[in-house]
Every structure is written in C-alpha cells, then in structure tokens.
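Subject: Two-chain model for you to look over

Hello,

Here is the structure I promised. Please open it alongside this note.

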Amino acid sequence: MRTYQDEPVMLRETLAKTMIEYAGKDTRIVALDADLASSSGFGAFQKAFPDRFFNCGVAEANMVGIAAGLSSTGRIPFAHSFGTFASRRVCDQIFLSGAYSGAHMVIVGSDPGVTAAYNGGTHMPFEDMGVLRSIPGIKLIEVTDSAMLRGVFDEIISSPAVYYLRLKRKVTTAVYGEGEKFKIGRANVLREGKDAAVICSGIMVAESLKAADILESEGIKVTVIDMHTWKPIDEDIVAKYAKETGVIITAENHNVVGGLGAAVCEAVCKLSPCRVIRHGIQDEFGEVGTESYLKTRFKLNAADVAETVRKAIKL
Amino acid sequence: MPEKTEHLRLRRFAETIRLETLKEFAELGFGHVGGAMSILETIAALYGGLMKIDPKRPDWKERDRFVMSKGHAGPTLYATLALLGYFPIEELKTLNKGGTNLPSHCDMHKTKGVDMTTGSLGQGISTAIGIALGQRMDGSGAYTYLAVGDGELNEGQIWEGAQFAPFQKLTNLIAFVDVNGKQLDGPTEEILDPLDIGAKFAAFGWLVKEVDGHDVAAIYDAVTEAKQSGKGPYVILLKTVKGNGCDFVAEMASNHHVQFDKEKMLAEVEKTQKRLEALGGESA
C-alpha cells in the first residue's frame, strides 16, 4: 500500500542538491535564473559553482536563448523561472532556439497550478504544459516528489532533448521510496483496481491515492497511474488500462484543455477508445489564496476526485 | 592591418559571394535579396579571414562562430560556406526547394557550417551570448560574431541581450547591426524609428564603431582593431544599402522579399561577373 506524507525537505532543495551533486562530476552542467535564484534554490548552485551560474535578471526570453547557445557549446543548462514565465512567456525561444536547434537543456518551471498560491492568477500556470506540448521532441515531466526527481536525473543528463520540469518548489507529498525506478515516458502504476483508472501527476498523485482509499472503503477499486511524463506520454499504459477498466479519469493541476486529460484522450482515441473524464481546471484562470483554499476552489482534493470517479462509473 | 593585396583579395571574395548568391536567387525567382545583399561584405570579411574556422571540421569545438540573427540572409551565408568547401557549390541550386539543406532561414542541423538556427527575429543575440559565454568557459579564446538587422532592433529580446552582454564583460562577442534603413513594411524611421542606434547601444555599455558596410576592407580593419583592443563587447554599425550590388533590387522602394524575372537577375549576375573580372578575380 502506498503511503503519502509531507517530505521533510522542499523539492527545490532536492533539485539544487541534485544539480550540485551532478555538476561536481560533470562540468557540462550550468544553471541560469531570471532573478528568482533565491526562490528556486539555484542560489545554492551559484554558491557551489559561481562561474557556472548566470543570473539573467528579469529577462526570461534572453535566458532561454543563452541556455540554447550554451548548449551548442556542449553544456547542459538548467534554466528556471516560475512556470508561467518559463513556458508561455518564452514559448518561441524554447521552440526555435531550443527544440528546433536540437538543444540539450532543462527548463524548470516552478509553482505549478494552485501551488502558486499567494502570487495569484497572474502567476498560476494552468497552461504551461499545454503551451509547450505541441513543440516537437520536447519532454514534459511533472515531478511528484524528491525520489522521482533524483530518479529521472541520470536520463535527463544522458539523453539530449529539451526538457521542461514542472515542479513544486516547496514541501510536497512523498509517494515514492528511495531507490524506486523511473523512466521518462513510462508511467508508474501505483495501485490496481478494475473499476476505473485514475491517471494523474504532481500534487494530484497523493490526492488520487487518497481518493482510491476513500473509494475502496465503498467497495470501488481503482487503478492509480502516475503519468509523470506528459510527453512522450505512455500510450501503452493508457491503452492497457482503457481496455481493463473501460473508464479513465484524469486528474490534473492544470487546464484540462491541452493538458494531461487531452494527452490521455489522444492516446485513448488512437489505441483503445473508452470514456475519459477530465478532472482538473475547467478552462479557467487562477486566483489568489492559500494552496488549501485553491485546492477546494478548483476541486483538486481527494474527495473531489473520488466524486468524479463515482459519477464516471455510473455513466 | 592587412596589406592592400589582402584588401583586394577580400573584395574579390565579396564579389564571388555576390555572384553565387545572385545565382541562387536567379534559380529560385524570388527571395530576401535586399537583406542578403546588405550584409554581404560583412560575411566576406568574417569568412574571408577574420574567423578561426576549418571547413573540414565544421564541428571543431574551438572555432569562432557566427550567428546570423537576421536569418533571412541565409543565402549569402550559404554561398560563402559553399565557396569555402563546406558543401558542394552545386548544392546552392537547391535553395528553398523541397528536401534542401539550404532553407530560407538558417538551420544549424541542415547546413554544414551554420552555427545557429535563426529565423524568429531577436533570438540570435541571446544564443550568441550563450555561445560566447561557453567559449569563455572553455578558455579557447574563440570569438562569436553576430549579425542583426536594424528592423530587428524592434524586438524586445535584442535589448534584453544588449543589457546582459556588457554586464558580463563579453569581450569575445562582436555584433554587427546592418543599418540599411529599411524593414519589411518600409523605411525603419516610418515603421518604428530606431533613433540613434549607436547611442542606444553605448548607453547599454557597448563599445560602438561605425563603418561603411559595403567596404569589406574597412569592416575587416574595424573588427581587427576591436579584437586587438581586448575590450568589448563591440557593436559595429554597418552603413548599408538594402539590395546593394543587385541594382534593380537596390532601386526598388520595397525590397525585403522580391519576385523577379530570371533574365533580370541573370543580368545582375553578368554585371557581378564583370566587376569580379575587373578586380582580377575569377568566377568560382
């Protein structure tokens, strides 16, 4: 049985620590930020490798272009901003200077969805993955917890591509134990049940597991799949559980338009048509508040997911 | 400073590039002739001697690099690279044709010798900065050269990069602005007046030089002086004429992207051939 409890460290600390660890043995790794190094944890990288860190100021487009240029000299840049600015503001730079140019670089977009909390709707990326999903070859990963972040690092460094890492900066819920295996593009099936399959990522993994517990107490058994990689999406797993359960519920801290639900629908339509109910942000802008308030406002709690599953099964 | 014979060699090289570039356009019947001509002598100076490159090793890590941020001037760069032996000169006939390695805008993965993909204006300054930073970290002493258009200065990203490069004291970055005074919809001063370009870059911390952008020897000397100074980043403002050296295009009021009769372009090819012969050179 999967457990879920708050991690003792913030995800940004894990990111900075992992980057520093890898950078110690791999001189190709460099980091850039757009005047958010004290928020992202990249300040720790700057302290460890002052000559390999560039604060670009509040100029995200320039930062992404510089990262692409650095990549063409053989470096592997990590460039951070809040998810809003690391995606929609720099879409063309990621597209042309990055992906089209064959760059190997990692864009880190922090504060996904409601976790932007007090920064409010202007800073609340419900669209980041959707904006980037149509860029050919880009790899979009929503990180669930520290173990996963460490688990995908080797592949990020060894397999050249433009990566977008969507991750919460602060405390997240641990789902995985140390040493668990992760493969980019391969979903992790966290529990199995024949009545429905919940496909989720990020903060919705813990909520979906909790929802599965609620439903199990009612005699409803659901599969929970952590689809950490939205692109390339794990079509095989989607098709397998579409066949086995006949109904899929996607749960995402993102607009259902263009997001995980959309990506799952594409795979389902292609390989194994079944009903897909997209639970997530229903094409709205974000707003200000605590994460807890916003999870309630946008129906991202376990009880909300459970209710969607109940309705979906009855359809 | 190069000897006069060296200046003559550069002028011949420039005319040879023009000859091959105009042939590319003649084959196609349309293209970005105006901007391809205005930056031509700068490309000739860079690839005719300024740049540390090796056509046999396009991926040589320690080479100097060039970012054609005004990516629509690709055909001039392609002609230059072909003349240097990066790929067969016959390939120039494939410009913009289906399956070609020579697309309208520069693509580093399609064309041997192209150092950066460009085409969305404004992005080249940032990628050039990234390359220059990488070269500095490598300690190779290599330079990055960057060409932007004066219309391209409309893009906000140019000024993000303009602010960053001097702050990082990037002495191995040398930028050119092709000040031909025209952008797609008309004269720059009527579309979005760039005002005093030199003063603007100077205010951002750049060292500014101005040269006749059609005097290949003057460009060569300006860059050589800039490098010898050990300072930077430099921006060299090129006073140019859009379409220069292709008379019927230069005379057009609107000449960003033009269509023409093949015969008309072949006449320009012939004129270029004669200019080249007058310089004592031979066609490629």
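Below is what was found in it, beginning with the interface.

Two points on conventions. This is a predicted model, so to speak of local features pLDDT of at least 70 is needed, side-chain atom pairs count only at pLDDT 80 or more, and totals for chains, interfaces and linings use all residues. Residues are numbered from 1 along each chain as its sequence is written, chains are lettered from A and ligands numbered from 1 in the order in which they are written, and side-chain values use heavy atoms, with hydrogens and water left out.

**The interface**

On chain A, 25 residues are in contact with 26 residues of chain B (contact means heavy atoms within 4.5 Å). The two chains bury about 2000 Å² between them, 57% of it on carbon and sulfur atoms. Buried area here is the accessible area (1.4 Å probe) that two parts lose on being put together, summed over both.

One salt bridge is counted between chain A and chain B. Arg75(A) and Asp138(B) form it through their side chains, at 2.7 Å from N to O. The rule asks for a side-chain nitrogen of Lys or Arg within 4 Å of a carboxyl oxygen of Asp or Glu.

Which elements of chain A supply at least two residues each to the side that touches chain B? They are strand S3 (53-55), helix H4 (60-72) and helix H5 (91-100). H4(A) gives the most, with nine residues. Helices (H or I, at least four residues) and strands (E, at least two) are DSSP runs, numbered from the N terminus.

**The sheet in chain B**

Five strands form an open, parallel sheet in chain B, in the order S2-S3-S4-S8-S7. Two strands pair if DSSP finds at least two bridges between them. S2 (65-68) and S7 (207-212) of chain B are at the edges with a single partner strand each, so one side of each has no neighbour in the sheet.

S3 (144-149) and S4 (173-179) of chain B run parallel and are joined by six bridges. Gly149(B) has Asp178(B) as its bridge partner in S4(B). Helix H5 (123-138) of chain B packs on this sheet and touches S2, S3 and S4; its direction makes about 170° with that of S3(B). Axes are lines fitted to C-alpha atoms, for helices over the stretch in contact, and angles run from 0 to 180 degrees between N-to-C directions.

**The sheet in chain A**

Chain A has an open sheet of five strands with mixed pairing, ordered S9-S11-S10-S13-S14. S9 (188-194) and S14 (275-281) of chain A are its edge strands. S10 (196-200) and S11 (222-226) of chain A run parallel, with five bridges. Ile199(A) stands opposite Ile225(A) in S11(A).

**Backbone details**

There is a cis peptide bond from Lys231(A) to Pro232(A), with omega near -5°. Pro232(A) sits in the loop between S12 (229-231) and H9 of chain A. Another cis bond joins Gly232(B) and Pro233(B), with omega about 0°. Ala117(A) has a positive phi, near 40°, and is not a glycine.

Best wishes
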